[in-house]
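Hi there,

Here is the structure I promised to pass on to you. Please open it next to this email as you read.

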Amino acid sequence: EVVLPKNYPNIFNVDIASPAAFEEPIDAFVGNQLRKGIFPLWNPFISCGTVVQEQFSTRTLFPYQLLQNICSWQWRDFFLLGRLFLAALGVFIFLQLRGISFYPSLCGGAMYGLSGAMTVFLTLTQMSNVGMVLPYALIGSELLHLGISIYSVAFCSLAFASVILGGQPETALYCFLFVFAYHIFRVISDQKERHAIKNYIVFFVPIMLSL
């Protein structure tokens, strides 16, 4: 038994028990079902049975999570670290699109990938999944601003869908608010923008497609 001092500070308000007691057992269950060729729709091990898809934290429609669940459990740490790498890569690409030079973009990507939002909540994948795909939602918004095409709309739609399917709805909502605010100020700050209303309207197309 670990006895803490009376004045021991509570540094992080993080639910570290949820991944071990809830998310990881469900990941193992989903992985076992998928390896048997069964798409998990019903979980008989919770209460009297629950529908897997009705719980946002199961993340059964998020491609990265599905790949992690299918692979052997020994690969789990590599997938966790992969979230940091993909998050950093997304910020790097986004900054490059904004015209930032190589080394500042590299530094920005590393700072986001190793930030508290990604590392503290790394095992709480219903949050780190959303944090991982946030930079790609920003990339989609930037691509729409640079030129409206079927490719930019498609990329933006897939990025927004990844935010929704990644896990926690609250975190996804914060991400959408952030991306929406970025898009608004990006259009306002561009003095050469002559089709601001069109750009705002088109921005809602990927949102509707992702939903």
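Below is what turned up in it, one topic at a time.

The model is predicted, so local features need pLDDT of at least 70 and side-chain atom pairs count only at pLDDT 80 or more, while totals for chains, interfaces and linings use all residues. Residues are numbered from 1 along each chain as its sequence is written, and side-chain values use heavy atoms, with hydrogens and water left out.

**Asn43**

Asn43 sits in strand S1, residues 42–43 (strands are DSSP runs of E, at least two residues; helices are runs of H or I, at least four; both are numbered from the N terminus). With a relative accessible area of 5%, Asn43 is buried, because buried means under 20%, exposed over 50% and partly exposed in between, using a 1.4 Å probe and protein chains only. The side chain of Asn43 reaches the backbone nitrogen of Phe45 at 3.0 Å. Leaving aside residues up to four places away in sequence, Asn43 touches Ile26, Phe29, Gly49, Thr50 and Val52 (contact means heavy atoms within 4.5 Å).

**Cysteines**

How many disulfides does the count come to? The count is 0, where a disulfide is a pair of cysteine sulfur atoms within 2.5 Å. Cys71 is partly exposed at 26% relative accessibility, and Cys107 is partly exposed too, at 42%.

**Leu61**

Leu61 lies in the loop between strand S2 (50–51) and helix H2 (63–70). At 45% relative accessibility, Leu61 counts as partly exposed.

Happy exploring!

Note on methods:
A polar contact is a pair of N or O atoms within 3.5 Å; within protein, one must be able to donate a hydrogen and the other to accept it, and residues adjacent in sequence count only if both atoms are side-chain atoms.
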